[in-house]
Structures are given as C-alpha cells and as structure tokens.
Amino acid sequence: MRAPSNLLAVAAALACGAFLPSASAFVPAARPSSPPPSFGVAPPRAGAARPAPGTSLPATKFKNFDEMLTAFDKPVLVDFYATWCGPCQLVQKELAVVGDECKDWLKVAKVDTDKYPALGAKYEIEGLPTMVLFKDGKPVHRIEGFVRANQIMDECKQFS
C-alpha cells in the first residue's frame, strides 16, 4: 500500500479523530448514532429522571441566539462544537457533569458550528471545542480545547 500523498492532511484527520487506522487503510471513524443537540439548552444526562409516560419535558426554544443568552438570570456556558470533532465528543461528557452539578447557577448550551457558521465567526471560534461563558448576554470568558469538568466549573465560578 502506498503512503497517502498528503501526510499533513492525514495527521490532521487523526488528531481530530476523523479517521481511525485499520490494518489496510484509513477509514472514516464511526459517528455517534444521534448527534448532540444543535442549538439550545443541553439535554438532561443519561440516567437522569425521565418524565412519566404520556408526558414530556417542555422544549426550550428560542427565536435567536441573543434571545437565548438573555433568557436566563444566570451565566450561560456555550459549547461551540462540530459533530466530526473527537475532542468535542469528549467534552460533551464533561459538560454533562457541569450541567448537573452547576444547574443552580449556570446554564449549559451547545452550538454546532457547521450548522451556525456565522455564530462561530461572530465569536471568533478558531479551534474546537471552544466554550464561551456569557453573562448578561456578553462573552466574559472562554475555554479552548478539552478540559475536565472540575476545571470548567472552577473557571466559571469566578463569573457567577
């Protein structure tokens, strides 16, 4: 088998988890069966209490991003991600912990930068994952790359 002509592209793909090596070639990595929510408040963690049969949790819908940011009386941590980004998928688990442990003073939301590229550009998202903390509708802090839940909470507490 010949080596790929563009080793940098393959290395970049491996670094972001886009490909997994196999015995004979590079093949696309498996994607999650259901992508994370594309916009709005993050869903409850797996295993969290579910509504009784025949009832449902009210969906939180917003007309636009700015309305979402100002709808809450607490800071909003927005995770800018992409479905193809390996580190973004790892951060998802950490954000579920943050959402559970900080629900009294912090909201967690997600924005898929492939679906909403204008938001990524507006907030100068250059690498994924990037989490931006908004207070009173304005960005006050950002966290870039994979970060553990306890560090995310520590960084956000100073703005609560």
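The tour below moves from a helix to the cores, the rings, a loop and the cysteines.

This is a predicted model, in which local features need pLDDT of at least 70, side-chain atom pairs count only at pLDDT 80 or more, and totals for chains, interfaces and linings use all residues. Residues are numbered from 1 along each chain as its sequence is written, and side-chain values use heavy atoms, with hydrogens and water left out.

**Stop 1: helix α3**

Select residues 86-101, which form helix α3. Helices (H or I, at least four residues) and strands (E, at least two) are DSSP runs, numbered from the N terminus.

Now colour C88, V91, E94, L95 and V98, the buried residues of α3. Buried means under 20% relative accessible area, exposed over 50%, and partly exposed in between (1.4 Å probe, protein chains only). These buried residues pack against β4 (76-81), β5 (107-112), β6 (130-135) and α5 (149-157); contact here means heavy atoms within 4.5 Å.

Zoom in on L95. Leaving aside residues up to four places away in sequence, L95 touches L77, D79, V108, K110, M131 and I152.

**Stop 2: the nonpolar cores**

A nonpolar core is a set of buried Ala, Val, Leu, Ile, Met, Phe, Trp, Tyr and Cys residues joined through side-chain atoms within 4.5 Å. Which residues have the most contacts inside the largest one? Select L77, L95, V98, L106, M131, I152 and C156 to see them; this core has 15 residues. The elements giving two or more residues to this core are α3, β6 and α5, and α5 gives the most, with 4 residues. A second, separate core has 14 residues, including F62, L69, V76 and Y123.

**Stop 3: the rings**

Rings of Phe, Tyr and Trp (its six-membered ring) pair if their centres lie within 6.5 Å; planes under 30 degrees apart count as stacked, over 60 as edge-to-face and the rest as tilted. The count comes to 6 aromatic pairs. Select F65 and F80 for one of them: the centres are 6.4 Å apart and the planes at 50 degrees, so the pair is tilted. F65 lies in helix α2 (residues 65-70) and F80 in strand β4, so the pair ties together parts that are 15 residues apart in sequence.

Y123 sits in the loop between α4 and β6, 43 residues from F80. F80 is buried at 0% relative accessibility, and Y123 is buried at 9%. Bring in F134 to complete the cluster that ring pairs form from F65, F80, Y123 and F134.

**Stop 4: T113**

T113 is in the loop between β5 and α4 (117-122). T113 counts as buried, at 14% relative accessibility. Beyond residues up to four places away in sequence, T113 touches F80, Y81, A82 and L128.

**Stop 5: the cysteines**

A disulfide is a pair of cysteine sulfur atoms within 2.5 Å, and the whole structure has 0 disulfides. C102 is buried at 1% relative accessibility, and C156 is buried at 1%.

Conventions
The expected span of a helix is 1.5 Å times one less than its number of residues.
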